[in-house]
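Good morning, everyone, and thank you for making time for this. I would like to walk slowly through a few local features of one protein chain, so please look at the picture while I talk.

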Amino acid sequence: MKAAFFHSARDIRTEETHDAQEPRPGEVLLEVTAVGVCGSDLHGYVFGDVGGIVNQEPLVMGHEAAGRIIALGPDAPPHLSIGQRVAIDPATPCLQCERCESGEPHLCLNLQFMGLWPYHGALRERMVHPARCVFPMPENISDVGAAMLEPLGVALHAIRLGKIVVGEDVAVIGAGAVGLLITRLARLQGARHVFVADRFKWRLDIAANFGADYVIDVSKQDAVEEVMRATNKRGVDVAIEAAWVAETANQCVQMVRYGGRVVVVGIPAKDELTIQASAARRKEVPIVYSRRMKHVYPATTDLAHMGLVDVDALATHRFTLDQAKVAFDTAADYQDNVIRSMILPNMK
Ligand SMILES: [Zn+2]
Ligand SMILES: [Zn+2]
């Protein structure tokens, strides 16, 4: 079978590799149907590492994925069957460590995460995966929509950390897929005004469709000034950072009200953030870092199934596995009004 291997910065190649093994107890064999190219993948693709993790040999990336079950290991759970379309949770927590036992499996001390060194990801035709980490999809969620449930889960976790209550003002910096999904969820959560800042007009147009009522084009306007002007210098209740640039977390601190909350979701290009200490201290701003998500697939599945979040709208581009490099370049270089590049490993 084929898989797309990441070799080094800007070098990803689709190559022949050995086929997936037979599923063991507790596993399923999947034909991979769709894989989204995430900002964190692009981080690795452009810079060669993600948050300090460096690959030691060619790595199969891809953690936003959907598939179809083609074989079940012994003792498969009764809700799974061959032919079923599923969303794939890329994280396999151990369920035994202190954090897992404390209800924080996303902070598992022994976490295995596919697509991040040393665990291969979904950019291949077939893969085995733990049965407990696949979630059956209803008919009305497409394959690319099922792959989008992973970033939707990231957005859901971030929005929950923001603890927005009805009538609060929210700002989202960065209108990539996760920022747009956060925008939509902030609206569902009952935000009064939702400000979204980005440097690309096409993204801001989608942000408006997803519920933003103030969009700020940061190629022309200053995000902090615009938010402070629109809120009569009060600032927003919650500011959420969903970009991957260094200054945006500090912008969140500057635009949040006294006693407001800041949630940091993006992974900065350099592995550090600079915050103006006096502003953060005077406002007594809790700055919460968001790490991935908890057990949110049942909730994200329902949000998409009920039509509350249009996940398909963000899957803007489709590529074959052979076109993996084009898919990554399209997303990394912000070509052709892309939100999510989707690779369909079994599409010819
Ligand atoms: Zn992702
Ligand atoms: Zn654990």
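Let me begin with Asp 75, which sits in the loop between β7, residues 64-72, and β8, residues 85-88. Please keep in mind throughout that what we are looking at is a predicted model. Asp 75 has a positive phi of about 60 degrees, although it is not a glycine. For background, most residues other than glycine have a negative phi. Is Asp 75 buried or exposed? It counts as exposed, because it has 9 C-beta neighbours inside 10 Å, and a residue with 12 or fewer is called exposed.

A second residue to look at in this way is Lys 233, which is found in the loop between α7 and β16, residues 236-241. Lys 233 is not a glycine either, and its phi is positive, near 70 degrees. Lys 233 is exposed, since 9 other C-beta atoms lie within 10 Å.

Next, please find the loop between β10, residues 112-113, and β11, residues 126-130, where Pro 118 lies. The peptide bond that joins Trp 117 and Pro 118 is cis, with an omega of about 5 degrees.

Now let us turn to helix α6, residues 201-209, and ask which of its residues are buried. They are Arg 203, Ile 206 and Ala 207. These residues cover an arc of only 105 degrees around the axis, and therefore they lie on the same side of α6. After α6 comes Gly 211, which has a positive phi, near 120 degrees.

Finally, I would like to show you a pair of helices, α7, residues 223-230, and α8, residues 248-255, whose axes come within 9 Å and cross at roughly 20 degrees. Because of that angle, α7 is roughly parallel to α8, and the crossing of the two is right-handed. On the α7 side, the contact is made by Ala 223, Val 224, Val 227 and Met 228, while α8 contributes Gln 251, Gln 254 and Met 255. Sorted by class, the contact of α7 with α8 has five nonpolar residues, two polar ones and no charged ones.

How values were computed
Residues are numbered from 1 along each chain as its sequence is written. Chains are lettered from A and ligands numbered from 1 in the order in which they are written. This is a predicted model: local features need pLDDT of at least 70, side-chain atom pairs count only at pLDDT 80 or more; totals for chains, interfaces and linings use all residues. Axes are lines fitted to C-alpha atoms, for helices over the stretch in contact, and angles run from 0 to 180 degrees between N-to-C directions. Helices (H or I, at least four residues) and strands (E, at least two) are DSSP runs, numbered from the N terminus. Angles under 35 degrees count as roughly parallel, over 145 as roughly antiparallel, 65 to 115 as roughly perpendicular and the rest as oblique. A crossing is left-handed if the near helix is turned anticlockwise from the far one by less than a right angle, and right-handed if clockwise. Two residues are in contact if their C-beta atoms, placed from the backbone, lie within 7 Å. Ala, Val, Leu, Ile, Met, Phe, Trp, Tyr, Cys and Pro count as nonpolar, Asp, Glu, Lys and Arg as charged, and the others, Gly among them, as polar. A residue is buried if 20 or more other C-beta atoms lie within 10 Å of its own, exposed if 12 or fewer, and partly exposed in between; C-beta atoms are placed from the backbone. The arc is that of the directions from the helix axis to the C-beta atoms.
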